[in-house]
Amino acid sequence: MKTETLPDCWQKLEDCLNNGIDRAILYGNPGTGKTFAGLTMKPTTQNAYRLICTDEMTTATIEGAYLPDETGFSYREGVAVKAWREGARLVIDEINRANSDVLSLLLAFTDTVASSSWQNPQTLEIVRPREGFSVIMTMNGEPEDLEPALLDRFTVQIKISEPHPSAPDQLPEYLRKPAKIYATLSEGERASLRAFATVAKLEPALGLDRALEIALPRQAREISSSIAIERQAENADE
Ligand SMILES: Nc1ncnc2c1ncn2[C@@H]1O[C@H](COP(=O)(O)OP(=O)(O)OP(=O)(O)O)[C@@H](O)[C@H]1O
Ligand SMILES: [Mg+2]
């Protein structure tokens with residue numbers, strides 16, 4: 001269903017997810033809601049698994065590993081296998097940070113369903129992705145930084161240039177407008193939803209100006225005056 005006010009990047013994502021696209025890369029500035037969208041924009045009954053890529057991670061997180069238990073060692077399956085088994089959403093965060101071992105394995109786990117299978121090394125069971133399995137990858141850089149084989153599996157790449165319109169709803173009313181405005185400014189001026197959430201947390205005990213000074217020192221003065229102006233305007237209306 002189309003929401004009139006949805007910014008184009010979010011509309012694109014909805015259009016894709018509503019029309020059977022099950023692989024997408026969301027990229028762009030930090031704190032715009034890419035991970036949140038990956039975890040939540042899906043059929044409500046579907047589970048979501050999150051994989052955060054780092055330089056040092058091993059393939060164990062993805063496919064699994066033998067781990068000690070009461071009987072000696074047994075194979076504990078990783079998040080990608082779990083997501084395959086359940087037909088769940090797999091959110092792969094910071095994909096540009098994955099090392100080459102991890103990338104090679106992710107190529108296998110994100111391939112088209114028809115070409116995908118994995119064998120549990122202990123039980124020798126062959127596992128294939130269950131219907132509904134989908135993958136959203138997120139990153140801050142540009143998709144061109146990724147290897148071509150991975151890009152070929154994720155033909156939809158959407159630059160998320162502003163927070164989802166519903167994201168500032170988590171904030172108190174007085175911070176919603178500044179959060180929307182400051183999220184889209186250029187580097188140096190920009191302020192993410194996370195910083196505004198910190199202001200909201202500190203404000204009741206410390207007052208607005210102090211909260212802004214701590215969480216958003218560069219923009220504090222400007223934001224404080226714009227909130228003051230809004231409040232004056234509201235009082236004048238009443
Ligand atoms: N639609 C939304 N509704 C409510 N809260 C949201 C929404 N989108 C984002 N948030 C909140 O805003 C914060 C930032 O969102 P998120 O972690 O998804 O950003 P991101 O784009 O993945 O950032 P990064 O690139 O740094 O990983 C989180 O605390 C998240 O819970
Ligand atoms: Mg993220």
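A backbone N or O atom of G33 lies 3.0 Å from an oxygen atom of ligand 1, a polar contact in the sense of a pair of N or O atoms within 3.5 Å (within protein, one must be able to donate a hydrogen and the other to accept it, and residues adjacent in sequence count only if both atoms are side-chain atoms). This is a predicted model, in which local features need pLDDT of at least 70 and side-chain atom pairs count only at pLDDT 80 or more, while totals for chains, interfaces and linings use all residues. Residues are numbered from 1 along each chain as its sequence is written, chains are lettered from A and ligands numbered from 1 in the order in which they are written, and side-chain values use heavy atoms, with hydrogens and water left out.

Oxygen atoms of ligand 1 are also approached by a backbone N or O atom of G31, at 2.8 Å, and by a polar side-chain atom of R194, at 2.9 Å. Of the 630 Å² of accessible area that ligand 1 has on its own, the protein covers 80% (Shrake-Rupley method with a 1.4 Å probe; for residues, only the protein chains shown count as cover).

The largest nonpolar core has 34 residues; such a core is a set of buried Ala, Val, Leu, Ile, Met, Phe, Trp, Tyr and Cys residues joined through side-chain atoms within 4.5 Å. Buried means under 20% relative accessible area, exposed over 50%, and partly exposed in between (1.4 Å probe, protein chains only). I62, I92, I95 and M137 have the most contacts inside this core. Elements giving two or more residues to it include β1 (23–27), β2 (48–52) and β8 (134–139); helices (H or I, at least four residues) and strands (E, at least two) are DSSP runs, numbered from the N terminus. Helix α5 gives the most, with six residues.

Five aromatic pairs are found in the whole structure. Rings of Phe, Tyr and Trp (its six-membered ring) pair if their centres lie within 6.5 Å; planes under 30 degrees apart count as stacked, over 60 as edge-to-face and the rest as tilted. W84 and F109 form a tilted pair, 4.7 Å centre to centre with 55° between the planes. Because W84 lies in helix α4 (residues 79–86) and F109 in helix α5 (residues 100–109), the pair ties together parts that are 25 residues apart in sequence. W84 is buried at 1% relative accessibility, and F109 is buried with a relative accessible area of 1%.
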